[in-house]
Structures are given as structure tokens and as C-alpha cells.
Amino acid sequence: MLPILNSLVPVFLVIALGFVIKRMNFLDDGIWAPLDRLTYYIFFPALLLHTLATANLADYDIWPMASALGAGLFSMVAILMILKAVLPLTGPQFSSVFQGAARWNGFVALAAIGSIFGPEGVTLAAVAFAVLVPAVNVLSVLILTRYAGDTPAGMGTVLRLLSKNPLILACAAGIALNVSGIGLPGPLAPTFKIVGAAALTIGLIAIGAGLQPKHALETGWIVALTSGLKLLVMPALMAGWCIVFGVTGLPAAVVLLCGAVPGATSSYILARQLGGDATLMASLITGSTILAAITMPVMLWLLG
């Protein structure tokens, strides 16, 4: 338990730093939206592309790991669709709950994996990015266009939105470069590495800056439900599917950690763009991020 805490505490301290910076008005409020945009469209895609394009996965049988990740995600989707039929939620509220429970925070995941498992873990994290990032983005766009708006969007609209998503494009490019054997030749690899490195620090600080504890308390039961699904049920599902598919050792630990991280901050951007309940989304991100400081080490200790 102590090594896990020693590795995870720095991640949450950087998040706390962002919270303090925002509350002290150290920077003008107007800087945060452009910084989020820069991270979402430049830094994080560069990190994803570099991680996927340069990952050496030849020493691992990645398909059982990929299967466990996919099965865990779609098991959560099934649970959420069942809850949709019984919970008193509006369409926009459900779209936020869906994103809060199904999406994962890649910033926290990669920082934690690198801290606990080192470069070998980061290499395996590339598998999680390749499986989860495209899948959760596609699912989130479909749910938002189906439930958040007055009328469901057409398939053409959905495809256009997906084709412009920088995270999906970065994953596709990274996988293509890796599979083709081209990789990132010459100065491209260090260039993308430098640009991508900014994503973790700035991304974690931005997460802290965006925390809204007061709003989270005002939507108590929805935050509690969504955080429980994301932080307790999701890692349990991932651990269960690892057993089913025979995933053990470091790959299983990476799968579990990816399931245990809080919700993605990019969910707020998507909710705002597609008519979801952005205020609730901010509360859900706040709740799961704060609670993850407690649940992540516990779940890794219990299930890892």
C-alpha cells in the first residue's frame, strides 16, 4: 500500500496545485480556457501520437489485454443503459452521467502508470489509449447526440464530429505509424515527445483549476452514484475481465489502473459542444477527481 501511495500522491498534489493557483487568482481567469484548448488540441494529441507510434509491444500478447479493456468498458455501458430506464434523469443529465462513469482521465492514468510502473508500464498504456480513447469518444458522441439534444443528430453529423476529434485522429495516426513500421523518424520523435510532455503537467494543473467542490455538493446523489460507478465498479469490472481473458502481471495492473482513474476533463468540453449538462459534468469531474485520491490506492491494493 505504501509504494502505491508514494507513487500516486505526487499526481494528486499537482492537481491540488492547480486548485490553489486558481483560487489564489495567481493567473487571470481568461487564461484557463485557451490553456484547456491548447492541451486538448495540441499537447495531449502529441502525447498520444508519440506514445502509440513509438511503443514496442512485441514482447507482449496485447490482445487479451485489449479484450479485457474493451469488455470492461462495454460492461459499464450496459449498466448505464439499464440505469437510464430506472433513474429520474433528464436526457442531458444522463449524457453527463454516462461520460462521468464511462470515460477515463488519460492525464491521471499516464502520470500514475509512469510513476508506479515506469517506462514499461507507459508502453503498455499505449494499448489502453488505442482501445479506450476511440471507443469512449465514439460512444460519448453517440449518447450526447441521442439524449442531450431536442432531436437525435443524423449519422452524417456524428461522423463529422468524430472525424474532427483530435484524440481519435492522434490515436489513428499513432497506430498507423506503429503498424507500418515508419514510427516517428529523425527529429519527429523527440519533437512530439517534448510537445507531449507538456500535456501531463499542464493537464493535471488544469484539472485542479477546474474543480468546483461547491457544485459537486449541490448535486450530491448524482455525483455519488457516478463516482461509485467510475471509481469502484469500473476497476472491479476491469479486474474481473482480466481473470476471464487470462491477463496477469503488469498488463493486468495497467488495465486495473486505467479503470480506477477519475472521469475525463475533456467530457466537459464535449458536453458544452453538444448540448449536454455542462454544469453537472463539471460537478461529476470534481467529485470523481477528489474521491479518486482515496479510492485509487485502495482499489489498486485490493484488486492489484
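**View 1. Lining of the second largest cavity.** By class, 7 nonpolar, 1 polar and 1 charged residues line the second largest cavity. Here Ala, Val, Leu, Ile, Met, Phe, Trp, Tyr, Cys and Pro count as nonpolar, Asp, Glu, Lys and Arg as charged, and the others, Gly among them, as polar. The model is predicted, so local features need pLDDT of at least 70 and side-chain atom pairs count only at pLDDT 80 or more, while totals for chains, interfaces and linings use all residues. Residues are numbered from 1 along each chain as its sequence is written, and side-chain values use heavy atoms, with hydrogens and water left out. The volume of the second largest cavity is about 50 Å³. Its lining consists of Leu73, Ala102, Trp104, Leu132, Lys230, Met234, Met238, Cys258 and Gly259. Helix H10 (220–245) and helix H11 (249–260) are the elements that give two or more residues to this lining. The largest share, 3 residues, comes from H10. Helices are DSSP runs (H or I, at least four residues), numbered from the N terminus, as are strands (E, at least two).

View 2. A search of the whole structure finds 2 cavities of 30 Å³ or more. A cavity is a set of points, on a 1 Å grid over the protein atoms alone, where a 1.4 Å probe fits but cannot get out; a pocket is an open set with protein on both sides within 12 Å along at least five of seven lines, and lining residues have an atom within 4 Å of a point. Grid points are joined across faces, edges and corners, and a volume is the space filled by probe spheres set on the points. The largest cavity has a volume of about 130 Å³. Of its 13 lining residues, Phe44, Trp104, Leu167, Ala264 and Ser266 lie nearest its centre. H5 supplies the largest share of this lining, 5 residues. The lining of the largest cavity divides into 7 nonpolar, 5 polar and 1 charged residues.

**View 3. The largest pocket.** The volume of the largest pocket is about 680 Å³. It is lined by 26 residues, and Asp36, Thr265, Tyr268, Ile269 and Arg272 are the closest to its centre. At least two lining residues come from each of helix H1 (2–23), helix H2 (32–54), helix H8 (188–209), helix H12 (266–273) and helix H13 (278–303). H2 gives the most, with 8 residues. In the lining of the largest pocket, 14 residues are nonpolar, 7 polar and 5 charged.

**View 4. The second largest pocket.** The second largest pocket holds about 300 Å³ of space. Among the 15 residues that line it, Leu47, His50, Thr51, Val122 and Lys193 are the closest to its centre. H2, helix H5 (106–148) and H8 each give two or more residues to this lining. H8 gives the most, with 5 residues. The lining of the second largest pocket has 7 nonpolar, 7 polar and 1 charged residues.

**View 5. Cysteine 242 and cysteine 258.** A search of the whole structure finds 0 disulfides, a disulfide being a pair of cysteine sulfur atoms within 2.5 Å. Cysteine 242 is in no disulfide, and the nearest cysteine sulfur, that of cysteine 258, is 10 Å away. That distance is too far for a bond. Cysteine 242 counts as buried at 5% relative accessibility, and cysteine 258 counts as buried at 2%. Buried means under 20% relative accessible area, exposed over 50%, and partly exposed in between (1.4 Å probe, protein chains only).
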